[in-house]
Amino acid sequence: MNRALSIRSRKKDDHAKEASKHTFSISTLRGMQQAELSKKLYKLIKTENHAIGAYETAGRERLSIASQLSDWGESTNDDAVSDISDKIGVILSEIGEQEDLFAQNLEDYRAILKQIRNIESSVQPSRDQKAKISDEIQKLKYKEPSSPKIVTLEQELVRAEAQNLVAEAQLTNITRQKIKEAYDLHFAATIERAEKQIILARYGRRLLNLLDDTPVVPGDVRQPFEHVNEARKVLSDAEHELQTWEPHLEPVHSNAGGLAPNLMPTGATSETASAATEPVATPTPTEKPAAEAQGTHLESATA
């Protein structure tokens, strides 16, 4: 765990380091085009995308390592090492699959964060409009205190403030709901990945106990490997436990069930609530082929 109680205390130092590493890119340009209100979340979502890519890469590399381990074991001309290394390769392949599944779950969590970002972007114009009208009124009062346009602008300001009031309420409603929803999914995915990899690692250690590492003297002949069936059963048991795994999570409670489609409380009757704009549509969850494919390495190895 990080020793600091808050990472915000390191902001100044971090910003100084980031400034020296800044380079212009298309990604940077897109960030500049974001509404001021949504820039921070835009950056977070972008960074999370890089992290997801790293998990996907780790999964692919783990599969490659598993294959290389199996090939190396076969080249040793040691039946025991060959069989155990091949079985360990199967375990490592499944661990790699869990990385890929985790990455896909993070994509769903990231899609939820985008909903908050989109609402932030939609709120920015109402803030800007309110500030613009207010500035115009102040300028007129300074230059032309008796201008009839002041009354018109003040009426526009009242309408702009009402619209902004609705937009701000929508923003806080969706932010609180979706931040809980997003990180509920994130932490559930983290627990699933961890618990399944623990299962696989535990069976991997059982495989190691089947390999006799008793030293031999020159001229001695190793006994034939007698644990082929036991090694196969270890994989079979691992496959069964992985497929029957179920999450046991502490529930994340939510009171957002009373949120209407316009992102206002159900039954709200105020004029400002009736002026609420339609929320951003909820994205369709990404498909999860890895979830269906998990255990395939074990299944083929025990067939």
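First, a term. A pocket here is an open set of grid points where a 1.4 Å probe fits, with protein on both sides within 12 Å along at least five of seven lines. And keep in mind that this is a predicted model.

So, the second largest pocket. It holds about 370 Å³ of space. Its lining has 18 residues. Which of them are closest to the centre? Those are Ala80, Asp212, Arg222, Gln223 and Pro224. By class, the lining splits into eight nonpolar, four polar and six charged residues.

Next, a helix pair. Helix H3 runs over residues 39-75, and helix H4 over residues 79-143. Their axes come within 8 Å. The crossing angle is roughly 170°. Angles over 145 degrees count as roughly antiparallel, so H3 is roughly antiparallel to H4. What sits in the contact of H3 with H4? There are 20 nonpolar residues, nine polar and 13 charged.

Lys87 pairs with Asp83, and the closest N and O atoms are 3.0 Å apart. Both residues belong to helix H4. They are four residues apart, about one turn of the helix. How many salt bridges are there in the whole structure? The search finds eight.

Last, the annotation. An unreviewed UniProt entry marks residues 150-177 as "coiled-coil region". What does the model show over that stretch? Residues 150-177 are 100% helix and 0% strand.

Happy to go back to any part.

Definitions and conventions. Residues are numbered from 1 along each chain as its sequence is written. This is a predicted model: local features need pLDDT of at least 70, side-chain atom pairs count only at pLDDT 80 or more; totals for chains, interfaces and linings use all residues. Side-chain values use heavy atoms; hydrogens and water are left out. Axes are lines fitted to C-alpha atoms, for helices over the stretch in contact, and angles run from 0 to 180 degrees between N-to-C directions. Helices (H or I, at least four residues) and strands (E, at least two) are DSSP runs, numbered from the N terminus. Angles under 35 degrees count as roughly parallel, over 145 as roughly antiparallel, 65 to 115 as roughly perpendicular and the rest as oblique. Ala, Val, Leu, Ile, Met, Phe, Trp, Tyr, Cys and Pro count as nonpolar, Asp, Glu, Lys and Arg as charged, and the others, Gly among them, as polar. On a 1 Å grid over the protein atoms alone, a cavity is a set of points where a 1.4 Å probe fits but cannot get out, and a pocket is an open set with protein on both sides within 12 Å along at least five of seven lines; lining residues have an atom within 4 Å of a point. Grid points are joined across faces, edges and corners, and a volume is the space filled by probe spheres set on the points. UniProt positions are given in the numbering used here, feature names are shortened, and annotations may be inferred rather than shown by experiment. A salt bridge is a side-chain nitrogen of Lys or Arg within 4 Å of a carboxyl oxygen of Asp or Glu.
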